[in-house]
Amino acid sequence: MICLAEISREELMRQKDFINKIFDLNARSGKKPLAFVETYGCAQNFSDSEKISGMLSDMGFDFCARRNDADLIIFNTCAVRENAEMRVYGNIGAVKTLKRRKPGLLLGVCGCMMQQNGVAEKIKKRYPYVDMVFGTHALYRFPEILSGAMEKRRVFDTENSDGAIAEDISCRRDKPPLAKIPVMYGCNNFCTYCIVPYVRGRERSRKIENILSEVKNVASEGYREVMLLGQNVNSYGNDLDCGTGFAELLSRVCRIDGIERVRFMTSHPKDISDELIEVMAREPKICKQLHLPVQCGSDRILAKMNRKYTKEKYLEIVRRVREKMPDIVLTTDIIVGFPGETNEDFAETLDILKKVRYDTIFSFIYSKRAGTPAAEMEDCLTEEEKHRNFDEMIKVQNEISKEINDKYLGRTEKVLVEGESKNDPAYMCGRTDGGKIVNFKGDKSLVGKMVSVCITKTQTWSLGGEIREV
């Protein structure tokens, strides 16, 4: 198979014309307008926002940290859970007063939520002060969309197609050391609870030469760690005719000078290969951390979720991974209260927590997503039972996480410094090879450096320590 075509050079040049047009308008105004981009959801959404910010920078915008200071506000939305959707509507409503005070303020809403059936129409009717709405497939057309909004036209661009891949879009990343780089878009798995294939389309892999070129570029800019992104990175290359899979891509990224750490997410258990496990174990640059979403421990519920593996198969994967990498840091996603789940099914989930002993879990009570098969399935448990089970699971996992972290006490870990600690500016924060957060006394001169830290304090979610060597 051959991947969907890339956006043509002619189309990208047409968007470049809109970029230049807006840049000239902003230059003639005598001051740089301020943009505020707020992002919801996953790492892929944050990567998209980096592209939006890159295009805005090319168009002559500066950026601000508060909505009230902005001349342009963009909400980049998530459709995975209902609470994120409700926050978006609440924040759109909150901008109404600000628009009254600042008539020239432009408001745009984009991202996964805009690809859902009926959402764009709802915004058009209920929020007449929203100037532009565009979906995930129209991201590269943002300059044209913004140009229309600046001409006082409401622009709604939510064409529902898988879309081609747009390369060479400017990107305004967070400062080093970590750069997030998408390697593929979309998903073919159609888990019954998940809206992603409907809002991001089917799997499309980027050409390997484009990925490697981007990694080389960020390395030259001082980034020392890359995170390769995809809804299911294990499927990378299945739609290409070059014969290159994800394991080979990882190996080639590791050969790029300047990059010291390579991470990736997310891996679907059904597609993880022995080749990938071998490459992870062999390559010192690949972080010994694996996010492997299990979602549930019950075979009956896994089948209803369309996950395409059993509990036994999942545990076998974990055994193979730990056989090659005994110190691997394992994390996972778990849904509690999926339609039809009983207390007996939930007990199977607790059992898998105790058998695998994850370092961390990301867990949620099931949130119905209209348009997915699970939305039509009947429930067994009451909301009270779901919350009780959720609380029990968190208690079990917190004990496991603390027990695992306690074993780090007295060990010296290599930590890549990312920035100031959120809780105390006198402390710096970084991550171990396994992705564990470490806080320690230091200053901003350490950002981007690899330091040796002796672990002197352990908590459920983080570690504390003292620098031994820079």
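Tutor: Helices here are DSSP runs of H or I with at least four residues, strands are runs of E with at least two, and both are numbered from the N terminus. Before we go on, this is a predicted model: local features need pLDDT of at least 70, side-chain atom pairs count only at pLDDT 80 or more, and totals for chains, interfaces and linings use all residues. Residues are numbered from 1 along each chain as its sequence is written, and side-chain values use heavy atoms, leaving out hydrogens and water.

So, is valine 253 buried or exposed? Its relative accessibility is 0%, so valine 253 counts as buried (that's under 20% relative accessible area, with exposed over 50% and partly exposed in between, using a 1.4 Å probe and protein chains only). In sequence, valine 253 is 27 residues from valine 226, and their C-alphas are 9.2 Å apart in space.

Helix 8 covers residues 246-254 and also holds arginine 252. Arginine 252 is partly exposed, because its relative accessible area is 31%. Together with Lys216, Arg255 and Arg282, Arg252 makes up a positive surface patch. To belong to a patch like that, residues need over 30% relative accessible area and no salt bridge, and like charges are joined within 9 Å; Lys and Arg are the positive ones.

Now for charges that do pair up. A salt bridge is a side-chain nitrogen of Lys or Arg within 4 Å of a carboxyl oxygen of Asp or Glu, and this structure has 38 of them. In one of these, glutamate 214 meets arginine 206, with 2.8 Å from N to O. Glutamate 214 counts as buried because its relative accessibility is 15%, and arginine 206 is buried as well, at 4%. Both belong to a network of salt bridges, where Glu214 and Arg206 are linked with Glu50, Glu167, Arg173, Asp174 and Lys180.

Helix 2 runs over residues 43-58, and its 16 residues reach 23 Å from first C-alpha to last, close to the 22 Å expected at 1.5 Å a residue.

Another salt bridge joins lysine 311 and glutamate 348, whose closest N and O atoms are 2.6 Å apart. This pair links distant parts of the chain, 37 residues apart: lysine 311 is in helix 11 (residues 311-324) and glutamate 348 in helix 12 (residues 343-356). Lysine 311 is buried, given its relative accessible area of 10%, while glutamate 348, at 33%, is partly exposed.

Most residues other than glycine have a negative phi, and most peptide bonds are trans. Lysine 152 has a positive phi, near 70 degrees, and counts as exposed because its relative accessibility is 67%. Glutamine 295 also has a positive phi, of about 75 degrees, but is buried at 7%. Finally, methionine 265 and threonine 266 are joined by a cis peptide bond, with omega about 5 degrees.

Terms used. Patches are made of residues with over 30% relative accessible area and no salt bridge: like charges are joined within 9 Å, nonpolar side chains (Val, Leu, Ile, Met, Phe, Trp, Tyr) within 5 Å. Accessible areas come from the Shrake-Rupley method with a 1.4 Å probe; for residues, only the protein chains shown count as cover. The place of a charge is taken as NZ of Lys, CZ of Arg, CG of Asp or CD of Glu. The expected span of a helix is 1.5 Å times one less than its number of residues.
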